[in-house]
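Here is a friendly walk through a protein and its RNA partner.

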Amino acid sequence: MFCLGHLFLCTIMLCFDTVEIFTPHRSGQAMLKTIQCGELRPEHSGQEVTLAGWVNRRRDQGGLIFIDLRDRWGICQVVVDQETAPDAHNHASNARNEYVIQVVGKVRMRPDGTSNPELATGDVEVVASEIEILNAAKTPPFYINKEDSIDEVVRMKYRYLDLRRPKMQRNIVLRHRVIKFIRDWLDAQGFVEVETPILFKTTPEGARDFLVPSRLQPGKFYALPQSPQQLKQLLMVAGYERYFQIARCFRDEDLRGQRQPEFTQLDMEISFVEREDVIQLNETLMRALVKAVVPEKRIMEEPFPRILYQDAMEWYGSDKPDIRYDLRAVDVADLAGQSGFAVFVNNVAEGKPVKAMRVPGMAGNLSGTRLRTVAAELEDMAKAAGAKGLAYMALPLEEDGEVRGPVGKFFTVDQKLALFERLGAQPGDLILFMSDRREVVWAVTDALRPHLAKELGLLDPTLLGYCWIVDFPEFLWNEDEQRWDPSQHLFTMPMPEDIPLLDTDPGAARGSQYDMVCNGFEVAGGSIRIHDRALQEKIFPLIGQDMDSAREQFGHILEAFEYGVPPHGGIAWGIDRVVAILAGEPNIREVIAFPKSQTGSDVMSGTPSSALPAQLEELHIKLDLPEEEEIEA
RNA sequence: GGGGGCGUGGUGUAGCGGCCUAACAUAUUGCCCUGUCAAGGCAAAGAUCGCGGGUUCGAAUCCCGUCGCUCCCGCCA
């Protein structure tokens, strides 16, 4: 166990245990409910209660009606007897699914043999004496009371009903718990949450900005922040030392399942830290978070393994590998170069890699035809990723069986044995060979791994495969622009020992960047920042920025950095992704209350929509739409 | 900007050139029913198959366009 004590001595724990829980009935006023449906337990037996919620289901047996009443806390059974409560029975028979009703009644144990173990409240029921229909409901366009796939259009159009479904309520509540846990934990470590502006300055770097026209200054625009990056560094200059924010960020790029135009980051910045401090702090937070909010999930390895960027690319072809399964690409250039297979021999001679991936049990006892079909499918994927082909060997199940596949005959027995030993190959394995430019081999590896893992059933949904990716290159070569691009952003500090490389071999310089990865998704990324103006000024020309334009765009930061800036670094978490992974959801839309569709619209409200001519006039904006487009008022 | 998938009663699906006057499940409506919990029984209503055009003797079905949703590449940390 490591110690953060030297960093986080002054722990101020605000304790909310003493805050009185607000309960309406203590005020003595009239109340619509005295207890939550989902909270009823045997110990409430005999109590007179008032419940209110939505009708989840109604089972009308004539003289006896059962209503499953649902609120945010769960479902309980209400029973209404025509003989003992005729008025209530009358109302109950008029009630329908999703009606909002209020029930007054007595809690009792259910008769012997009628308990429902499916429900947390299943040992008790409420015998209604009064039922009032607070609000009727139209028949909903889809089932609230049962998990079923629903067309996205319908879900989004009726998002308020979609969010009423228990699964969505669980997701949204989980999101709340994640954010609440983070806030409390960081607060306890002496962090201060500071809000930064939503209306800010456009930046040419990174993603496309959302622009907001300024009415007071015609022709000028605000931009919505892509992240609070600059401001959080200025807060370090301002001496706050430990800042965080649950920050909304905006990027006007095309959407994906993991990408929304507005999304939420945990933004964090700390002064007087080095890379190791930020990594350990965030890892500690993440581990505590997982244990607190999803104790049923298992973290694969603690402390999180550290993987060098270079290794991640060579092994997994990705800087955000899913490490829950191995399926790694192994360098076999030395063996393949000795083989009789011309493609490998030539590629090795040209210095191109040859990699092999062992796919456990994939060949099994597949028939020759089936094996060729499987191999052809994989080859198609490899080709889609840029490869020219995909060679394979299928290992037989029997000791003395023949290796199948077109390249086996080009390897001698000794070469094959050496190959199998290096890969740890077992009978029935399929071995895939990839050889091309190293970028292509990476792309193929990255394309095949998740596909194969799915095929082989290696994706354990209860497992959280966290790791850190470190030692990113400081720059990546931009072929189009013939210059270096910052691999993270232009304030990233190079690794101290690599600073001399900036003059001699910038491509070899490593940045102080670190990414936290989980199950194949980048969940957080950050770096130690440059706090030395001379070093910063060295970076600009390398990335094709002359000092004049740099001053124009970043002058305020450069100037601030002349007033005593502490060494600092930080990180930003993709909260939507973190919550989606913890919730076991494949898509961040499932953990955002009101997300946008892939075309950036809100189907429910019809957002975005046209502006009134008067609004445009006030902003001095004239539309210049492509032809055939109608301008609506 | 490019490629793939989907669009059929309220919902989820089937049908994929004529047997479709569009099937099934569920939901809905009415009646019956006092221990149900995916309640049950009986009955009824409900879709011109996203939209527009074309091919054909004939289109839910084939083709083109278009709209929407979705997945991926480009883009984006």
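A polar contact here is a pair of N or O atoms within 3.5 Å; within protein, one must be able to donate a hydrogen and the other to accept it, and residues adjacent in sequence count only if both atoms are side-chain atoms. Keep in mind that this is a predicted model, where local features need pLDDT of at least 70, side-chain atom pairs count only at pLDDT 80 or more, and totals for chains, interfaces and linings use all residues. Residues are numbered from 1 along each chain as its sequence is written, chains are lettered from A and ligands numbered from 1 in the order in which they are written, and side-chain values use heavy atoms, with hydrogens and water left out.

**Around the RNA**

| Protein side | RNA strand B side | Distance |
|---|---|---|
| Gln61, polar side-chain atom | sugar or linking oxygen | 3.1 Å |
| Gln77, polar side-chain atom | base nitrogen | 2.9 Å |
| Thr114, backbone N or O atom | base nitrogen | 2.4 Å |

Which elements give two or more residues to the surface near RNA strand B? They are strand 1 (48-60), strand 2 (64-71), strand 3 (74-81) and helix 2 (152-157). Helices (H or I, at least four residues) and strands (E, at least two) are DSSP runs, numbered from the N terminus.

A residue is near a strand or molecule if one of its heavy atoms lies within 4 Å of it. There are 49 residues around RNA strand B, and Arg108, Thr114, Tyr143, Arg259 and Ser487 come nearest. Sorted by class, this surface has ten nonpolar, 20 polar and 19 charged residues. In that sorting, Ala, Val, Leu, Ile, Met, Phe, Trp, Tyr, Cys and Pro count as nonpolar, Asp, Glu, Lys and Arg as charged, and the others, Gly among them, as polar.

**Salt bridges**

A salt bridge is a side-chain nitrogen of Lys or Arg within 4 Å of a carboxyl oxygen of Asp or Glu. By this rule the count comes to 45. One of them joins Arg164 to Glu98, with the closest N and O atoms 3.0 Å apart. Arg164 sits in the loop between helix 3 (159-162) and helix 4 (166-188), and Glu98 in the loop between helix 1 (86-94) and strand 4 (100-109), so the pair ties together parts that are 66 residues apart in sequence.

How covered are these residues? Buried means under 20% relative accessible area, exposed over 50%, and partly exposed in between (1.4 Å probe, protein chains only). Glu98 is buried, at 4%, while Arg164 is partly exposed, at 21%.

Another salt bridge pairs Asp334 with Arg422, whose closest N and O atoms are 2.8 Å apart. Asp334 belongs to helix 8 (residues 333-338) and Arg422 to helix 11 (residues 413-423), so this pair ties together parts 88 residues apart in sequence. Both are partly exposed, Asp334 at 44% and Arg422 at 36%.

Salt bridges also link up into a network, whose members include Glu147, Glu152, Arg155 and Arg159.

**A lysine to look for**

Is Lys232 buried or exposed? Lys232 is buried, with a relative accessible area of 1%. You'll find Lys232 in helix 5 (residues 229-237), and its side chain reaches the backbone oxygen of Met268 at 3.2 Å.
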